[in-house]
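The following note sets out a number of points on the structure shown below.

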Amino acid sequence: MQSIQESYASIGEKILTYHYQYKLSERLPVLVAVSKRQPDERIDFLLELGHRDFGENHIQEAEARWVKRKNIYADIRLHLIGPLQSNKVRQAVALFDVIHSVDREKIARAIKKECDAQQKEIPCLIQINSGDESQKSGVAPTEAAALIGLCKKELHLPIEGLMCIPPHSEPSAPHFALLNKLAKKHDLPELSMGMSDDYETAIRFGATYIRVGTKLFGERIR
Ligand SMILES: *Cc1c(COP(=O)(O)O)cnc(C)c1O
């Protein structure tokens, strides 16, 4: 646990340093602690340190872990960072506080419908497949404008920003730059980008959410 405390402090320090050095976003980037496939005691330790923003990518796993913890800590903000299937939208809307992975019209419509039914408003980000990778979810950069327009104008979904996961084999910086440019063009304030290996670069390119798992908690289990 001591190593988690050290990593947490070190990431926090880097967030501060880079933010004030480059001053690219209005507020300090928020660390989304990616808790997927991490042992419960590591997560509880971070909660005890006062951290409240956590990211998960599987609905079922997130439910098992977070329903009870959200009852204990009312101010937890749970971020969905993985792809969403239509048949899981109801559960996702019930559990999550921010959705980072809106990537197609069908899912946007389903989220809107479910938010109305549950009388909930959930800030959403559109996931951009910045590397145009066929196996990766996200809308292609060339189709982003259409999806953003639909969400904002027709569905009135609260779209606050963009998210991307750059290809493994490439430097992240050009992808982060592209995401930043695209967000500015569409007047979207939030940028969810940067993971364990590239979160420092992401902050330099204006990230407002960084999603860090292993650098913070250690290796995942299972
Ligand atoms: C797992 C995951 C992360 C965290 O990855 P690490 O390399 O462990 O920091 C971030 N974003 C998404 C979308 C993920 O699925």
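**Notes on the model**

1. Lys68 lies in helix H3, where helices (H or I, at least four residues) and strands (E, at least two) are DSSP runs numbered from the N terminus. With a relative accessible area of 45%, Lys68 is partly exposed; buried means under 20% relative accessible area, exposed over 50%, and partly exposed in between (1.4 Å probe, protein chains only). The C-alpha atoms of Lys68 and Ala140 are separated by 37 Å, the two residues being 72 residues apart along the chain.

2. On the basis of the values: this is a predicted model, in which local features need pLDDT of at least 70 and side-chain atom pairs count only at pLDDT 80 or more, while totals for chains, interfaces and linings use all residues. Residues are numbered from 1 along each chain as its sequence is written, and side-chain values use heavy atoms, with hydrogens and water left out.

3. How do H1 and H2 cross? The axes of helix H1 (residues 2-22) and helix H2 (residues 40-48) come within 10 Å and cross at roughly 50°. Axes here are lines fitted to C-alpha atoms, for helices over the stretch in contact, and angles run from 0 to 180 degrees between N-to-C directions. H1 and H2 are therefore oblique to each other; angles under 35 degrees count as roughly parallel, over 145 as roughly antiparallel, 65 to 115 as roughly perpendicular and the rest as oblique. The crossing of H1 and H2 is right-handed, a crossing being left-handed if the near helix is turned anticlockwise from the far one by less than a right angle, and right-handed if clockwise.

4. Ile4, Gln5 and Tyr8 of H1 make the contact with Arg42, Phe45 and Leu46 of H2, contact meaning heavy atoms within 4.5 Å. The residues of this contact divide into 4 nonpolar, 1 polar and 1 charged. In this division Ala, Val, Leu, Ile, Met, Phe, Trp, Tyr, Cys and Pro count as nonpolar, Asp, Glu, Lys and Arg as charged, and the others, Gly among them, as polar.

5. Which residues of H2 are buried? They are Ile43, Phe45, Leu46 and Leu47. The cover over the buried residues of H2 includes H1, strand S1 (30-34), strand S2 (53-56), helix H3 (59-72) and helix H9 (214-217). After H2 comes Gly50, whose phi is positive, near 105°.

6. The axes of H2 and H3 come within 12 Å and cross at roughly 30°, so H2 and H3 are roughly parallel to each other. Their crossing is right-handed. Here Asp40, Ile43, Asp44 and Leu47 in H2 meet Arg65, Trp66 and Arg69 in H3. The residues of this contact divide into 3 nonpolar, no polar and 4 charged.

7. The axes of helix H5 (residues 105-118) and helix H6 (residues 144-155) come within 10 Å and cross at roughly 25°. H5 and H6 are therefore roughly parallel to each other, and H5 passes H6 in a right-handed crossing. Glu105, Ala108, Arg109 and Lys112 of H5 make the contact with Leu147, Leu150, Cys151, Glu154 and Leu155 of H6. The residues involved divide into 5 nonpolar, no polar and 4 charged.

8. Rings of Phe, Tyr and Trp (its six-membered ring) pair if their centres lie within 6.5 Å; planes under 30 degrees apart count as stacked, over 60 as edge-to-face and the rest as tilted. By this rule the count comes to 2 aromatic pairs. The rings of Tyr18 and Tyr22 have their centres 6.1 Å apart and their planes at 25°, so the pair is stacked. Tyr18 and Tyr22 both lie in helix H1, 4 residues apart, about one turn of the helix. Tyr18 counts as buried at 16% relative accessibility, whereas Tyr22, at 35%, counts as partly exposed.

9. Phe54 and Trp66 form a tilted aromatic pair, with 4.7 Å centre to centre and 40° between the planes. This pair links distant parts of the chain: Phe54 is in strand S2 and Trp66 in helix H3, 12 residues apart. Both Phe54 and Trp66 are buried.

10. Arg37 has a phi near 55°, a positive value in a residue other than glycine. Arg37 is placed in the loop between S1 and H2 and, at 32% relative accessibility, counts as partly exposed. Asp132 likewise is not a glycine, yet has a positive phi of about 50°. Asp132 is found in the loop between strand S5 (124-128) and H6 and, at 53% relative accessibility, counts as exposed.
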